[in-house]
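Biologist: Please take me through this protein model, from its overall build down to a few single residues.

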Amino acid sequence: TENFEDHGPMWSPDGKNIAFLSTRGGDDIDIYVIDADSKEETNITVSQGNDYDYAWSPDGKKIAFTSSKDGNPEIYIIDAKGNIQRLTHFRGIDTSPTWSPDGKKIAFTSDRSGTPQIYIMDAEKGEKKTIKRITFERSYNDQPAWSPKGDKIAYSSLIEDSSQIVIKDLKSGEVVQLTKKGSSYESPTWSPNGCFLAFATTGLN
């Protein structure tokens, strides 16, 4: 009897493929891509370690993801041909990659400063000479999400023992807290027009 778990489905930008996470190949979590028409599925990250926290590039040609295949969680990019490029090289944790709308940069979470903070790096060169820390307020910031225009990043920030949704203006540096304490708010996602944010919460007051 087959005993595995599939979860985290995500459409490709062109709507032709669906990526998802699965343990169907064994104990490790891999990223699979299934053709929406033919239903043909491919394990694109065949390796030891868990692969997760993935994101399609805006053009749908690559996927950025977190993997523990080299030991600790690092960020990688894989293309349609299976070519893998490692972007980060840090002994701690690098995770939650998300592409800028133009596909040139990747925002991610790292604890390289001692606490989880959000950084931006070049999508081609990785962290080498291109890394920039963008969050300095509070000790825990995670789950970055680029606005459709690429001028802002929304993220979840730990404020007084609960996660709140915060927006950072990348040009002015202004930080705006959108939600208030009382509940935890996580996983912000922008609407296509950039006017709204969807998010997950433990409850509403």
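Modeller: The questions below go from the whole chain to single residues.

Modeller: The model is predicted, so local features need pLDDT of at least 70 and side-chain atom pairs count only at pLDDT 80 or more, while totals for chains, interfaces and linings use all residues. Residues are numbered from 1 along each chain as its sequence is written, and side-chain values use heavy atoms, with hydrogens and water left out.

Biologist: How many helices and strands does the protein have?

Modeller: Helices (H or I, at least four residues) and strands (E, at least two) are DSSP runs, numbered from the N terminus. By that count the protein has 0 helices and 18 strands.

Biologist: Why is the protein called as compact as a globular protein of that length?

Modeller: The radius of gyration is taken over C-alpha atoms, and the globule rule is 2.2 Å times the number of residues to the power 0.38. For 205 residues the rule gives 17 Å, and the protein is close to that, so it is as compact as a globular protein of that length, with a radius of gyration of 17 Å.

Biologist: What share of the residues count as buried?

Modeller: Buried means under 20% relative accessible area, exposed over 50%, and partly exposed in between (1.4 Å probe, protein chains only). Of the 205 residues, the buried share is 41%.

Biologist: How far apart do the centres of the positive and negative side chains lie?

Modeller: Lys and Arg count as positive and Asp and Glu as negative, with His and the chain ends not counted. Each charge is placed at NZ of Lys, CZ of Arg, CG of Asp or CD of Glu. There are 24 positive and 31 negative side chains, and the two centres are separated by 10 Å.

Biologist: Is isoleucine 34 buried or exposed, and which residues does it touch beyond its neighbours within four places in sequence?

Modeller: Isoleucine 34 sits in strand 3 (residues 30–35). Its relative accessible area is 17%, so it is buried. With contact meaning heavy atoms within 4.5 Å, isoleucine 34 touches Lys16, Asn17, Ile18, Phe20, Lys39, Glu40 and Glu41.

Biologist: Where is glutamate 137 found, and which residues does it touch, not counting those up to four places away in sequence?

Modeller: Glutamate 137 belongs to the loop between strand 12 (132–133) and strand 13 (141–146). Its relative accessibility is 28%, so it counts as partly exposed. Its C-alpha atom is 37 Å from that of serine 47, 90 residues away along the chain. The residues that glutamate 137 touches are Gln117, Tyr155, Lys168 and Val175.
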